[in-house]
Amino acid sequence: MQHSALFTKTRATELFDEYQSDLNRRTDRLFAGLLGFQWIAGILFALWISPLAWSGSVSRTHLHVWAAILLGGVISLFPAALGMLRSGRLSTRYTIAVAQMLMGALLIHLTGGRIETHFHVFGSLAFLAFYRDWRVLVPATIVVALDHMLRGYFWPQSVYGVFVASQWRWLEHAAWVVFEDVFLVMSCVRGLAEMRQTADRTAALEQEVRTRQQAENDARSLASLTSAVGLALTRGTELQTMLQRCAEAMVQHLNGGLARIWTLNEPDRMLELQASAGTHTQLDGPQARVPVGILEVGTIARERVPQLISADRVDPHLDDANWARREGIVAFAGYPLLVDSKLIGVMTIFARREFSASVQDAMAAVADGVAVGIERKRAEAELERYTKDLEEAHETQRTNGLQLSALVDQLRVTQRQAEAATRAKSDFLASMSHELRTPLNAIILYSELLQEEAADRGQQASITDLQKIQSSGKHLLELINDILDLSKIEAGKMSLAVDTFEIRMMFDELLDTAAPLIQKNHNTLNVRCADGIGAMEADLTKTRQILLNLLSNAGKFTRDGTITLEARHCTVAGRASVEFAVTDTGVGMTQAQTETIFEAFTQADVTTTRKYGGTGLGLALVARFCQLMGGTVSVESRPGEGARFVVCLPLNANDVPLESATAARVA
């Protein structure tokens with residue numbers, strides 16, 4: 001706005017000077033013709049009034065005629081020539097003013113000082129006022145006053161038409177001239193003011209026309225710029241190509257000399273030059289990488305505020321020091337590229353004309369569009385990378401899925417083979433156990449008969465050997481029975497024989513069998529049965545076998561200690577149950593040993609097998625029987641502090657779901 005007002009004022013001054021110069025030239029030419037006309041008129045007056053001078057009968061041309069011709073020519077020709085050849089100059093005006101007053105004095109002289117001719121002076125002053133320069137009236141007034149004063153002294157007849165005149169009469173005539181000058185000066189001043197107003201109005205009108213034309217041109221340029229930038233941003237090109245097209249569009253449509261676009265490298269806080277259009281298109285140089293906060297570009301990035309300043313205040317950092325002056329660069333604009341207050345980069349342009357408000361708004365919109373375009377390109381690149389990773393992951397997953405499917409198929413085949421092998425093994429063990437029990441029962445029976453026969457014959461030495469044979473046979477028979485039971489469970493051929501029995505009565509029968517096993521290592525057995533323990537519906541044989549195995553295990557690993565058998569009612573998962581607990585003060589076990597103690601053919605360690613014997617089937621059968629009857633078994637133990645086995649069995653085995661039997665078979 002300030003620049004526009006200054007331009008309008010300068011233009012108004014130029015127009016005023018043009019108007020005044022044109023007026024002066026036209027007035028000079030007017031007086032050139034007027035002086036010539038007056039010269040001719042003076043000659044005619046002289047010829048008409050006093051053409052001849054008589055001396056007796058001799059006549060000659062009157063002196064007035066020669067004065068009109070010669071003196072009038074001297075007065076008129078030189079200023080008339082100046083008016084035609086050097087019109088418009090100040091010296092020409094002053095010369096014409098003096099000549100015009102002298103021509104008036106000549107005409108007054110030629111008419112003999114007639115009062116009517118004096119009005120020529122006032123008319124001449126009015127004509128001189130055509131210049132609208134009151135300074136011209138000054139020499140004209142001085143010439144009139146001097147003419148009247150000098151001729152009034154020396155030749156009053158030529159100026160006043162009388163032989164004798166008052167020596168102060170010239171003051172009267174000068175006063176009337178000054179009186180007219182006052183009005184003529186006012187007219188000149190007013191005329192100049194009107195001329196200046198006309199110049200101001202014309203300059204303002206021209207400025208308005210230029211502004212409208214510039215606005216129309218800007219609108220067309222900005223429309224083309226917006227279209228070109230929008231097209232560049234929407235094309236599926238690489239980021240650098242897109243930004244280069246945007247920079248070229250700014251140079252083309254904004255009369256730019258150089259446009260550049262940087263993007264922000266967030267980790268390094270560096271602005272990296274991506275596009276340069278105009279007179280310099282290189283992407284290297286001192287501004288290829290600019291730290292945030294350094295140079296004009298870095299300052300714009302740091303402050304995040306647009307910069308609109310004169311181009312001479314910004315160093316473009318080019319090899320050519322005179323580039324801006326040679327290219328006519330006058331303005332610089334820099335805009336931060338922001339998306340939701342996040343800095344994306346910086347855009348700058350050097351232009352050959354000042355940026356109007358509409359251009360500034362358009363550049364701000366272009367900056368916003370470029371920022372969004374950069375962010376979109378980055379998002380597209382990230383999405384493409386993520387999509388590629390997903391495709392690779394999907395391909396890997398598909399490959400793994402195929403491999404997993406093949407592995408599952410292979411595992412299914414292996415599982416079926418293992419199940420078939422397990423069933424075959426169980427069938428084999430079951431049949432072999434049956435085949436083995438028959439001869440073992442015969443061996444045990446014959447050993448008993450031989451013991452009786454040896455006792456009758458008094459062969460005491462043979463009885464001991466026969467008892468060992470009988471004991472070994474029974475132990476082997478028990479082992480075969482355990483293997484047979486385990487095989488039946490794994491083969492799914494073990495069934496429950498549910499019956500109702502009194503727990504105390506079952507304890508009495510159990511103790512008859514378990515007492516010798518416990519007392520063998522000098523242990524004490526304590527039995528604790530809760531009051532009102534009553535009866536339960538379960539498989540009596542398997543329940544007794546569970547407790548017998550636990551008591552046998554406790555007696556085996558306890559020496560000179562105490563073994564306690566307990567029974568009480570409890571509730572497990574909302575179901576009424578009976579809890580049996582066998583506690584001993586034996587050697588105990590570690591945490592790792594308790595985790596594998598219920599696996600088949602597993603004991604605490606090798607030394608345990610060597611020291612205490614056993615096959616590791618007793619506790620495995622306990623676990624399988626508990627699962628078969630819908631119960632659980634757990635153990636708590638520490639080395640050197642004994643062990644506590646807890647068995648929970650449903651009070652009514654008829655409520656046990658079928659899944660328990662399946663779980664027992666799988667286990």
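Trainee: Is Phe-645 buried or exposed in this model?
Mentor: The model is predicted, and every value in it is computed. A residue counts as buried under 20% relative accessible area. Phe-645 has a relative accessible area of 2%, so Phe-645 is buried.

Trainee: What is the relative accessible area of Phe-598?
Mentor: Phe-598 also falls under the 20% cut-off. Phe-598 therefore counts as buried, and its relative accessible area is 17%.

Trainee: How many aromatic pairs are there?
Mentor: Two rings pair if their centres lie within 6.5 Å. By this rule, the count of aromatic pairs comes to eight.

Trainee: Which term describes the pair of Phe-332 and Phe-350: stacked, tilted or edge-to-face?
Mentor: Planes under 30 degrees apart count as stacked, and planes over 60 as edge-to-face. The ring centres of Phe-332 and Phe-350 are 4.9 Å apart and the planes stand at 50°, so the pair is tilted.

Trainee: Which strands hold Phe-332 and Phe-350?
Mentor: The pair links distant parts of the chain, the two residues being 18 residues apart. Both Phe-332 and Phe-350 are buried. Phe-332 lies in strand E7 and Phe-350 in strand E8.

Trainee: Which term describes the pair of Phe-598 and Phe-645?
Mentor: The centres of these two rings, Phe-598 and Phe-645, are 6.2 Å apart. Their planes stand at 90°, so the pair is edge-to-face.

Trainee: How many residues separate Phe-598 and Phe-645?
Mentor: Phe-598 is in the loop between helix H15 and helix H16, whereas Phe-645 is in strand E15. This pair too links distant parts of the chain, and the separation is 47 residues.

Trainee: In what order do the five strands of the open sheet stand?
Mentor: The pairing in this sheet is mixed. The five strands follow the order E10-E12-E13-E15-E14.

Trainee: Which strands stand at the edges of the sheet?
Mentor: An edge strand has a single partner strand, so one of its sides is left without a neighbour in the sheet. This holds for strand E10 (524-529) and strand E14 (632-637).

Trainee: What is the bridge partner of Val-633 in E15?
Mentor: E14 and E15 pair in the antiparallel sense over six bridges. In E15, Val-633 has as its bridge partner Val-647.

Trainee: What angle does the direction of helix H13 make with that of E10?
Mentor: Helix H13 (residues 503-519) packs on the sheet, where it touches E10, E12 and E13. The direction of H13 makes with that of E10 an angle of about 170°.

Trainee: Which strands does helix H14 touch in the sheet?
Mentor: Helix H14 (residues 540-556) packs on the sheet as well, and its direction makes about 20° with that of E13. The strands touched by H14 are E10, E12, E13 and E15.

Trainee: Where does the kink in H13 lie?
Mentor: H13 has 17 residues and reaches 23 Å from its first C-alpha to its last, close to the 24 Å expected. The kink is of about 40° and comes shortly before the proline Pro-516, at Thr-513.

Trainee: Which residues of H13 are buried?
Mentor: An α-helix has 3.6 residues a turn, so residues three or four places apart point the same way. The buried residues of H13 pack against elements including E9, E11 and H14. They are Ile-503, Met-506, Phe-507, Leu-510, Ala-514 and Ile-518.

Notes:
Residues are numbered from 1 along each chain as its sequence is written. This is a predicted model: local features need pLDDT of at least 70, side-chain atom pairs count only at pLDDT 80 or more; totals for chains, interfaces and linings use all residues. Side-chain values use heavy atoms; hydrogens and water are left out. Two strands pair if DSSP finds at least two bridges between them. Helices (H or I, at least four residues) and strands (E, at least two) are DSSP runs, numbered from the N terminus. Contact means heavy atoms within 4.5 Å. Axes are lines fitted to C-alpha atoms, for helices over the stretch in contact, and angles run from 0 to 180 degrees between N-to-C directions. The expected span of a helix is 1.5 Å times one less than its number of residues. The bend at a residue is the angle between axes fitted to the seven residues ending there and the seven starting there. Buried means under 20% relative accessible area, exposed over 50%, partly exposed in between (1.4 Å probe, protein chains only). Rings of Phe, Tyr and Trp (its six-membered ring) pair if their centres lie within 6.5 Å; planes under 30 degrees apart count as stacked, over 60 as edge-to-face and the rest as tilted.
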